[in-house]
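Take a look at the chain shown below. We will go through it piece by piece, starting with a sheet.

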Amino acid sequence: MTKGGTRRFPIRYSIQRWNDGIWFYGSFFVILVVLVLVQLVAKRSIISFLPVLVLDGGILVAFWLMRLASYVDASDEGLRVRYLWRRIDLPYTAVSRVRRQPLEVAFQPAERRRFVNRFVRRLAKEPAAYIRLDRRQDNLVNQTERRLGPRFVAGADVVLPIVDVDEFVNEVKSRLRGQAG
């Protein structure tokens, strides 16, 4: 990636939620559309199908918007982590290192096992980005956990199952080296 650019890395939790939802709610939506068409051809009332059709369409749109609103931006200024309505900006001066590890490593301690849900279980063997925050900035670690939630923050690490983890790690490492030199 060139300097001056911003690269967006989607968070896989929301992609997994979208993939799960599209099969159930998407197929239900198609069935409802077929039922509405059958009722229209038979010249019967479709009023009872409309609320369910609108609700199902709304759920699909919500999952799609969640997918769009969950990402990590790597820019010259720093990292912007956004997951639904949660957001935090991390300058590169606050990042001490970044590495790639399986997601399950963050949830091995007994006190963190309660944060394991079906999305974490499905992605457990997949690689995740571990962004180590500078421990000397204790208020930043606390603020990050408050804003992103305990599922994303393990000690001083921000744990993000993202698409293209290797590219992200290389990108952030190059920017960290650029700052040090």
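In what order do the strands of the open sheet of 4 strands lie? The order is β5-β6-β8-β7, and the pairing is antiparallel. Keep in mind that this is a predicted model. Now look at the edges of this sheet. β5 (95–102) and β7 (153–154) stand there, and each has a single partner strand, so one side of each is left without a neighbour in the sheet.

Strand β6 (residues 127–133) and strand β8 (residues 157–160) run antiparallel and are joined by 4 bridges. β7 and β8 form a hairpin with 2 residues between the strands. Gly155 in this hairpin takes a positive phi near 70°.

β2 (70–74) and β3 (78–83) run antiparallel and are joined by 5 bridges. Ala74 has Leu79 in β3 as its bridge partner. The two strands form a hairpin, with 3 residues between them. β3 then pairs with strand β4 (residues 86–91), also antiparallel, through 6 bridges. Find Arg80 in this pairing: Arg80 stands opposite Asp89 in β4. β3 and β4 make a hairpin too, with 2 residues between them. Leu84 sits in that turn and has a positive phi of about 55°.

Now turn to a helix. How many residues does helix α1 have? Helix α1 covers residues 12–41, which makes 30 residues. From its first C-alpha to its last, α1 reaches 42 Å. That is close to the 44 Å expected at 1.5 Å a residue. Yet α1 has a kink of about 35°, centred on Ile22. Just after α1, Lys43 takes a positive phi of about 60°.

Which residues of α1 are buried? Among them are Tyr13, Trp18, Gly21, Gly26, Leu32 and Val36.

Finish with the rings. A pair of aromatic rings is described by the distance of the centres and the angle of the planes. The structure holds 6 aromatic pairs. One of them joins Tyr13 and Tyr83, with 6.4 Å centre to centre and 75° between the planes. This pair is edge-to-face. Tyr13 lies in helix α1 and Tyr83 in strand β3, 70 residues apart, so the pair links distant parts of the chain. Both Tyr13 and Tyr83 are buried. Together with Phe152, the two form one aromatic cluster.

The charged end of Arg8 sits over the ring of Tyr71, 3.6 Å from its centre.

Notes: Residues are numbered from 1 along each chain as its sequence is written. This is a predicted model: local features need pLDDT of at least 70, side-chain atom pairs count only at pLDDT 80 or more; totals for chains, interfaces and linings use all residues. Side-chain values use heavy atoms; hydrogens and water are left out. The expected span of a helix is 1.5 Å times one less than its number of residues. The bend at a residue is the angle between axes fitted to the seven residues ending there and the seven starting there. Buried means under 20% relative accessible area, exposed over 50%, partly exposed in between (1.4 Å probe, protein chains only). Contact means heavy atoms within 4.5 Å. Rings of Phe, Tyr and Trp (its six-membered ring) pair if their centres lie within 6.5 Å; planes under 30 degrees apart count as stacked, over 60 as edge-to-face and the rest as tilted. A charge sits over a ring if NZ of Lys or CZ of Arg is within 6 Å of the ring centre and within 35 degrees of the ring normal. Two strands pair if DSSP finds at least two bridges between them.
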